Amino acid sequence: MTASCRSALFVSRRCSLATCVVAAFALSAPLTATASTWVVDNCNGDDDSSGNIGAKTGTLRFTIKNAADGDTIDVSQIGCPQSKISLTTGEIFVSQPSLTILGPGISGLTIDGTGLPGGPTGPDNSRPFTHTGTGTFELDSLRVSGGHVYHASYGYPSRGGCVYSKGKVYLLDAEVSNCSAESFGDAAKGGGVYALDNVTMKYSTLSGNTALGATTAHGGGAFTTAGFGAKYSAVDGNKVNGPNGPGTASTDYKYATGGGVYAKGSVEFKRSTISDNYASGSFGGIHALGTLVSAANNTLSLYSSTISGNQAGKFNGGVYTNAGTVKLYNSTIAFNTAGIGHVGSSPIYFIGPGLALSGALTAMNVTLQSSLLSNNTYGSSAEFDLTTSNSTNQDTFFHTITFNGDSADPANNLIRTSIVQDSAHKLPAGTQFSVCPLLGPLRDNGGLTLTHALQSKSPAIDAGNNILNYNEDQRQTGADTIPYPYPRVSNGQADIGAYEVNQDDIIYNSGFEGCSIVI
């Protein structure tokens, strides 16, 4: 894939689905013998009666209303004014167990819910799509924006500002943006997407979505009860606020969490960026959690990904998890902030602003390989990049956290500051401490998602490993061919973190992010 064919997650460059996705990966499963394609031939988003069942054509509402399980609604063949189908009469119900809506690309079509009616009480919602089936609802190559679910009374939670699903949600080369779920008398969950099963993203974006709740608020970008996965994607600029109204910090850290993603179950990010999300309570970027029953079987995985610039009013701006298994390979967690970093006095309970690991519900096995954690701060200036809460001296309810099987093999990490509350288990060998990685600002350094470049003389250069044998760093597009434009190993050894400095790079040190805090 060439530079001109990059996905426009943040840099306004996007190629066609056929060129960039289907030809490269065939990510969408082939249609079954009984599945059909319905063609939308009208830009009227409110008409559910105009169409031809025999010819399988009509408006968006008509085709969805009459399609069968597993069918595809093709919206790629019409050219609508302002590249938009506007909805004004109400949400579109998707009753089929599984259905796909296929567009021409996010720059070619927006399903816009801005004009949908809103109401403070009652069952009506003003989101574009309500999927009542329990299979997979797929949005492919289009944007969904402007949905808003608003309720004022107790007993009316607001869920899924743009997409609600009783099953799975799959975003492929799609965007869900500027949606909101707000409740001034109850809970709000999933400002952009709410799913009772899992949410999966590829080449997609969740951006600018909001969840605001009076009792609780979770998942500014997405809320899911059965896991979350993202590949070549971005979760950016989402937020949760509550309780007690907009702009107010929650009175308890746990009532407004997961500014970017709130996910029960396992969570996995590959070659993705989670940035600039906000929670008035805690866990600004990712809140990955399980219950007393499920936590031991959950996994949090970060592969060649960047977690940056996320904020929390209380604890942990970056990533929080209590999963039984945690895996970080070639990833960067940096510049996340939080209001506070610990509570208690004897003992102190740490929940740092970068990566916070909790052994409250289960023992945890953590693999850290060639990952960079730095510049994560709380309060006015204090820095904790990695913390654990697991000491049996602290509370017998807490369990041990073991790093890399306590192996003596070097793991090639850079963790500027850490608090590991277990005298029996330490961070893996070969970890650099108390050094400044000299990161560049989060920006477009090529590829599909934003990254932090390593500046010249960074101690992370040529100090990492490539234990997973990646061909490229985070900037891989998926269709890159030899010679790889962003090789994972340059100059004989990989760098630490998601970004690899290539030997022919011109490194600009202007505007780089240093380390103002003296350790």
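**Close-up 1. The disulfide of cysteine 162 and cysteine 179 is left-handed, because the torsion about its S-S bond is about -80°.** This is a predicted model, in which local features need pLDDT of at least 70 and side-chain atom pairs count only at pLDDT 80 or more, while totals for chains, interfaces and linings use all residues. Residues are numbered from 1 along each chain as its sequence is written, and side-chain values use heavy atoms, with hydrogens and water left out.

The two sulfur atoms of cysteine 162 and cysteine 179 sit 2.1 Å apart, and a pair of cysteine sulfur atoms within 2.5 Å is called a disulfide here. If the word is new to you, a disulfide is a covalent bond between the sulfur atoms of two cysteines. Look for cysteine 162 in the loop between β13 (158–159) and β14 (163–165), and for cysteine 179 in the loop between β16 (175–177) and β17 (180–183); the pair therefore ties together parts that are 17 residues apart in sequence. Cysteine 162 is buried at 0% relative accessibility, and cysteine 179 is buried at 1%. Buried means under 20% relative accessible area, exposed means over 50%, and partly exposed is in between (1.4 Å probe, protein chains only).

**Close-up 2. Cysteine 43 and cysteine 80 form a disulfide.** Their sulfur atoms are 2.1 Å apart, and a torsion of about -95° about the S-S bond means that this disulfide is left-handed. The pair links distant parts of the chain, 37 residues apart: cysteine 43 is in the loop between β1 (37–40) and β2 (51–52), and cysteine 80 is in the loop between β4 (72–74) and β5 (84–86). Cysteine 43 is partly exposed, at 27% relative accessible area, whereas cysteine 80 is buried, at 9%.

**Close-up 3. The disulfide of cysteine 436 and cysteine 515 is right-handed, with 85° about the S-S bond.** Here the sulfur atoms are 2.2 Å apart. Cysteine 436 lies in the loop between β51 and β52 (439–443), and cysteine 515 in the segment after β55 (493–494), so the link ties together parts that are 79 residues apart in sequence. Cysteine 515 is partly exposed, at 21% relative accessibility. A search of the whole structure finds 3 disulfides.

**Close-up 4. An open sheet is formed by 11 strands with parallel pairing.** You can follow the strands in the order β6-β9-β14-β19-β24-β29-β33-β37-β43-β48-β51. β6 (92–94) and β51 (418–419) stand at the edges with a single partner strand each, so one side of each has no neighbour in the sheet. Two strands pair if DSSP finds at least two bridges between them. β33 (residues 286–289) and β37 (residues 319–321) run parallel and are joined by 3 bridges. Within this pairing, alanine 288 has threonine 321 of β37 as its bridge partner.

**Close-up 5. The second largest cavity holds about 30 Å³ of space.** A cavity is a set of points on a 1 Å grid over the protein atoms alone where a 1.4 Å probe fits but cannot get out, and lining residues have an atom within 4 Å of a point. Grid points are joined across faces, edges and corners, and the volume is the space filled by probe spheres set on the points. The structure holds 2 cavities of 30 Å³ or more. Among the residues lining the second largest cavity are Tyr320, Phe350, Leu357 and Thr387. The largest share of this lining, 3 residues, comes from β43.

Key
On a 1 Å grid over the protein atoms alone, a cavity is a set of points where a 1.4 Å probe fits but cannot get out, and a pocket is an open set with protein on both sides within 12 Å along at least five of seven lines; lining residues have an atom within 4 Å of a point. Helices (H or I, at least four residues) and strands (E, at least two) are DSSP runs, numbered from the N terminus.
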